[in-house]
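Reader: I have a new model to go through. Can you take my questions one by one?
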Amino acid sequence: MDFQGDANLKATELRLGLPGTLNEPAKQSPPSKSSKRASLEIYDESSSKKRETSSSDVDDRDSTAPPTKAQIVGWPPIRSYRKNTLQPKKHDADALGTFIKVSMDGAPYLRKIDLKQYKSYPELLKALEIMFNFSIGDCSERDYYMGSEYAPTYEDKDGDWMLVGDVPWNMFISSCKRLRIMRGQEARGLTCL
Amino acid sequence: MRALPELMDPKRARESPESAVLSRPSAFPDEVLERILSLLDTHKDRSSASLVSKAWYHAERWSRARVFIGNCYSVSAEILVRRFPNIRSVTLKGKPRFSDFNLVPQNWGADIHSWLLVFAEHYPSLEELRLKRMTVTDQSLEFLALKFPNFKSLSLLSCDGFSTDGLSAIATHCRNLTELDIQENGIDDISGNWLNCFPDNFTSLEVLNFASLNSEVNFDSLERLVTRCNLLRILKVNKTITLDQLQRLLVRAPWLTELGTGSFIQELTPRQYADLETSFKGCRNLQTLSGLSEATALYLPALYPACANLTFLNLSYAALQSEELARLLAYCAHLRRLWVLDTVEDKGLEAVGQNCPLLEELRVFPSDPFDEEIVHGVTELGFLAVSYGCRKLRYVLYFCRQMTNAAVATIVRNCPDFTHFRLCIMNPGQPDYLTREPMDEAFGAVVKNCPKLQRLAVSGLLTDLTFEYIGTFAKNLETLSVAFAGSSDLGMQCVLEGCPKLRKLEIRDCPFGNKALLSGLEKYESMRSLWMSACKITMNGCRLLARKMPRLNVEVMKDEESNDGQSYKVYVYRSVAGPRRDAPPFVLTL
């Protein structure tokens, strides 16, 4: 059984699977034809997107494979009750899981809010005003919180601090990781753009 | 239970001349022997005692008050009542465990009703019924409530088929009820009115758990119930109970040993918060705490005074962050069992390792099991951190998205006392993320280092080597769960041949075929059950098994999820009751 030659060729072959999977001829059985095995390969591909800290160059070519979410029945093995309790909207792929922290400059403690409770910026800002007992002024397209010493900002997925209100609402709730209500000089800088 | 024919009809056994020869006259009169044996507690001890001699067998069966049936189809109600005439407490488990994960179709069976009919005739003094994965209808609950005047204790875990109307019947008619424990069932939650059905003069309740019901209950009813039931020691309310309502309940029942809070988020005034804190201070006996849904950093500190004696903290429905958990754990030095969501991340688990040296059990559940976009959760680092700080760890259930062989090897070196090791790498067939190798060595390390291992669940990319290790080293293994693993029949064979104490084997999506299935022919009679789905079993293999082993029930279902129409779900179990008579059309008994 001369697999040596084949193995070397296979090692350099460009493919979408992770190296080391489906590639050891001696021990592994060939992938079966059932749909379960097919989705197993899909899972290998999509999981590679997250391996930033681990293997370096391997992931680059894998990231071109779009992860298709072939959900396997009964996997991961979590009781239905628990599944339904934690994720009532599990098909909403854009939504973040839970609450986000809200801090306000000068306030002694942080709060948490569920972004999914709100449908628009005015609703959110109103809720923040009530929660922290302050006034943010009008949120209009051009003037951005004029007349207020507060400016609502948020940290996005990339870790950058952005002014609340620039992007469409749905994009905002899917990228917002935490909120900070700035006040004073810093805030004035933002509102006078 | 062994199927010894002469013991099946106890009356005959007493009278037949053969049995007189076989049994020696006992040194004690029967009544004394019964009294002595009635002190035996565990089912295993009682089983052992019943095998000593005929006299002991009969003394044991007359004195037994509690029976545990791990597979409701392994025995029939008729056989049960014939052998044990004085049962007060019955524990029954029904469907195969994979039914929890939707792998078993509806109406599969495990209906309690036929049992209740027999019990009504033979155990009219029945006091306790504990059911897991059984189908229970409202009609059954009403029957139970009406036909058993001494009924005291009802526990339903992961059951289905009933609604809150059934609970109304229990509350209305069970005058002596001490326990109502409703957990994680698939039920029809119509309303919270059932709580109002407890009569005004009803005061015997000691345990009330309705945490997993969603409907709002009438708080006044609940408060009055808690007030008049001064033996109440376990109270777990549902999410509709607010913080200030909880505070009022705690004032009424400060001697609770187990508490499940409702929702832990609310706009509290400083005065309300102070009251809450005071009420928690008053709970000096609290050993178990759960609930805490939507708990935030703001109100968790109110709990701290109640945590001094906590041994079990269940945060698996509270999406805590790492700092929140760390601050809470600083007050929980005596913790032995901890359940959390992976929102606490590795940092939170570091805090576990630092604060809980007595920890024996850790369960980490995934908060977002299906979302692959978000890189949250726990990794091998969290598990490692716990293993360094909690050397007494013996039970772990860990859901993660990455793991390494080296980490697991270190973990089991730190904690060699594992009895239950359930690791779920959520991506099926995922290798060691650093080395890209299969996870064989991880589980090899587990079985080599943990001689007391009773239960194992494996995951990740695994070849037959994992199962060779298991068969070679896991000599105390009783339960094994396998998914998306193995390379060939050899894997399953190794386990069947190598694990003498194996009782439950459940397998899904593995390349094990007929050869593997048939290699366990003699083994299955010493096991409770075998489940195999989406493997390479064919109908012929199942037929052969059924033909060779007539004392096994071999049940086959078509696998709806597979594309090729060749896949089956096979459930094999030993039984003294023969093939079941209530099998639905989609279950073929061979």
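Reader: Which side chain does Glu60(B) meet in a salt bridge at 3.9 Å, N to O?
Author: Arg83(B). A salt bridge here is a side-chain nitrogen of Lys or Arg within 4 Å of a carboxyl oxygen of Asp or Glu. One caution: this is a predicted model, where local features need pLDDT of at least 70, side-chain atom pairs count only at pLDDT 80 or more, and totals for chains, interfaces and linings use all residues. Residues are numbered from 1 along each chain as its sequence is written, chains are lettered from A and ligands numbered from 1 in the order in which they are written, and side-chain values use heavy atoms, with hydrogens and water left out.

Reader: And what does Glu60(B) do with Arg46(B)?
Author: Their side chains form a salt bridge too, at 2.7 Å, N to O. Glu60(B) is in helix α6 of chain B and Arg46(B) in helix α5, so the pair ties together parts 14 residues apart in sequence. Helices (H or I, at least four residues) and strands (E, at least two) are DSSP runs, numbered from the N terminus.

Reader: How many salt bridges over all chains?
Author: The count is 33.

Reader: Back to chain B. How is it divided into domains?
Author: Domain 1 is 1-64 and domain 2 is 66-232. The bounds come from an automatic or database domain assignment.

Reader: How much area do domain 1 and domain 2 of chain B bury between them?
Author: About 1100 Å², 58% of it on carbon and sulfur atoms. That is the accessible area (1.4 Å probe) that two parts lose on being put together, summed over both. Ten residues of domain 1 are in contact (heavy atoms within 4.5 Å) with eleven of domain 2.

Reader: How many salt bridges and polar contacts cross that interface?
Author: One salt bridge. There are also five residue pairs in polar contact, both at pLDDT 80 or more. A polar contact is a pair of N or O atoms within 3.5 Å; within protein, one must be able to donate a hydrogen and the other to accept it, and residues adjacent in sequence count only if both atoms are side-chain atoms.

Reader: Which elements give two or more residues to the domain 1 side?
Author: α5 (43-50) and α6 (54-63) of chain B. α6(B) gives the most, with four residues.

Reader: New topic. Which residues does the cis peptide bond with omega about -5 degrees join?
Author: Trp75(A) and Pro76(A). Pro76(A) sits in the loop between α3 (58-62) and α4 (80-86) of chain A.

Reader: What about the phi of Ala110(B)?
Author: Positive, about 60 degrees, although Ala110(B) is not a glycine. Ala110(B) lies in the loop between β2 (89-93) and α8 (113-122) of chain B.

Reader: Last one. Where is Asp244(B) found?
Author: In helix α12 (residues 243-252) of chain B. Its side chain makes a polar contact with the side chain of Thr242(B), at 3.2 Å.
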